[in-house]
Amino acid sequence: MAYVISDSCVMCGSCAGECPVGAISQGDSQYEIDASKCIDCGTCANVCPTGAISQG
Ligand code: SF4
Ligand code: SF4
């Protein structure tokens with residue numbers, strides 16, 4: 001299962017730069033994870049300041 005970003009995202013951008021496979025991009029109201037690219041490493045969840053990212 002890929003990681004997912006909840007509506008707690010404040011669009012700080014920290015997660016996108018840390019993803020080793022470039023699976024995170026900026027959406028209209030929050031950042032989004034491409035489930036087909038995510039390798040479940042957990043790095044993004046560890047850097048998110050609001051705890052918006054969790055394993056789906
Ligand atoms: S869990 Fe890892 S691969 Fe998946 S979106 Fe987060 S940083 Fe990228
Ligand atoms: S690190 Fe968290 S708050 Fe920042 S853009 Fe990513 S999901 Fe949103």
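Around ligand 2 lie 13 residues, and Cys9, Cys12, Gly13, Cys15 and Cys48 come nearest. A residue is near a molecule if one of its heavy atoms lies within 4 Å of it. This is a predicted model: local features need pLDDT of at least 70, side-chain atom pairs count only at pLDDT 80 or more, and totals for chains, interfaces and linings use all residues. Residues are numbered from 1 along each chain as its sequence is written, ligands are numbered from 1 in the order in which they are written, and side-chain values use heavy atoms, without hydrogens and water.

Ligand 1 is also surrounded by 13 residues; the closest are Cys19, Cys38, Cys41, Gly42 and Cys44. The table gives both shells by class. Ala, Val, Leu, Ile, Met, Phe, Trp, Tyr, Cys and Pro count as nonpolar, Asp, Glu, Lys and Arg as charged, and the others, Gly among them, as polar.

| Shell | Nonpolar | Polar | Charged |
|---|---|---|---|
| Ligand 1 | 10 residues | 2 residues | 1 residue |
| Ligand 2 | 10 residues | 3 residues | no residues |

The disulfide count is 0, with a disulfide taken as a pair of cysteine sulfur atoms within 2.5 Å.

Cys44 is buried, at 8% relative accessible area. Cys12 is partly exposed, at 45%. Buried means under 20%, exposed over 50%, partly exposed in between (1.4 Å probe, protein chains only).

Cys44 also belongs to the largest nonpolar core. That core has 15 residues, of which Ile5, Ile24, Ile33, Cys44 and Ile53 touch the most other members. Strands E1 (3-5) and E3 (31-33) are the elements that give two or more residues to this core. Such a core joins buried Ala, Val, Leu, Ile, Met, Phe, Trp, Tyr and Cys residues through side-chain atoms within 4.5 Å. Strands are DSSP runs (E, at least two residues), numbered from the N terminus.

Terms used
Helix = DSSP H or I, 4+ residues; strand = E, 2+ residues; numbered from the N terminus.
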